[in-house]
Amino acid sequence: MALKTDYKDAMFDGDRKYRITANADGTSRISDETEYTQEGDFFGANDVNATNKAVNHLNHTTQVTLTAAGWTGSAAPYTQTVDVEGASEEMEAILVSALASGADLDTQKAYSKAFGIISSGTAELGDGTATFRVYKKPATDCVVGLKGV
């Protein structure tokens, strides 16, 4: 989702002008009578919510499991497509490690090797999917993070 980037300020020459009109119930109504040289854009709750959603999305990481058996192709590049809820072509995800905290040394070594192969390849997002391409198949399953998805 692209956020609006062409907001304009209201512009006018001179001073702002207001008309105050007395209502029958004793209250007053204020009307803006300023002559504008450019109408400004309204920035409201929908804009704030869209901006906050986009910022929250940037900080969110979705974990994806790439299985050793899931790589297809008889020659490089090998591919694996996985379902990623909420993914879309417009997103620019960042691949990050999802190695479990406190993993033992053997797990760290196997993960590092698999993640190194995956991170040296390419990935692209589609509608609800991510397709990874590697030039050597990882020997183990690998859970990776897609930051921004």
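## Terms and basis of the model

A salt bridge is taken here as a side-chain nitrogen of Lys or Arg within 4 Å of a carboxyl oxygen of Asp or Glu. The structure is a predicted model, in which local features need pLDDT of at least 70 and side-chain atom pairs count only at pLDDT 80 or more, while totals for chains, interfaces and linings use all residues. Residues are numbered from 1 along each chain as its sequence is written, and side-chain values use heavy atoms, with hydrogens and water left out.

## Salt bridges

The structure holds five salt bridges. One of them joins K4 to D6, with the closest N and O atoms 3.7 Å apart, and another joins D41 to K4, where the closest N and O atoms are likewise listed at 3.7 Å. Because D41 lies in the loop between β4 (36–38) and α1 (45–59) and K4 in the segment before β1, this pair ties together parts that are 37 residues apart in sequence; helices (H or I, at least four residues) and strands (E, at least two) are DSSP runs, numbered from the N terminus.

For relative accessible area, buried means under 20%, exposed over 50%, and partly exposed in between, with a 1.4 Å probe and protein chains only. K4 counts as partly exposed at 42%, D6 is partly exposed at 49%, and D41 is partly exposed at 35%.

## The sheet β6-β9-β8

Three strands form an open sheet in the order β6-β9-β8, with antiparallel pairing, where two strands pair if DSSP finds at least two bridges between them. The edge strands are β6 (78–83) and β8 (122–126), each of which pairs on one side only. Neighbouring strands of this sheet are turned by 20° against each other on average, direction ignored; the axes are lines fitted to C-alpha atoms, for helices over the stretch in contact, and angles run from 0 to 180 degrees between N-to-C directions.

Six bridges join β6 to β9 (residues 129–134), and these two strands run antiparallel. V82 has A130 in β9 as its bridge partner. A further salt bridge is formed by R133 and E124, with the closest N and O atoms 3.8 Å apart; R133 is partly exposed at 26% relative accessibility, and E124 is partly exposed at 46%.

## Surroundings of T62

T62 is placed in strand β5 (residues 61–66) and counts as buried, at 16% relative accessibility. Its side chain makes a polar contact of 3.4 Å with the side chain of H60, a polar contact being a pair of N or O atoms within 3.5 Å; within protein, one must be able to donate a hydrogen and the other to accept it, and residues adjacent in sequence count only if both atoms are side-chain atoms. A polar atom of the T62 side chain also lies 2.7 Å from the backbone oxygen of V149.

## A nonpolar surface patch

Y7, F43 and V48 make a nonpolar surface patch of about 250 Å². Patches are made of residues with over 30% relative accessible area and no salt bridge, like charges being joined within 9 Å and nonpolar side chains (Val, Leu, Ile, Met, Phe, Trp, Tyr) within 5 Å. Y7 is located in the segment before β1 (11–12) and is partly exposed, at 31% relative accessibility.

Definitions and conventions:
Areas by Shrake-Rupley, 256 points an atom, 1.4 Å probe, with all protein chains shown as cover.
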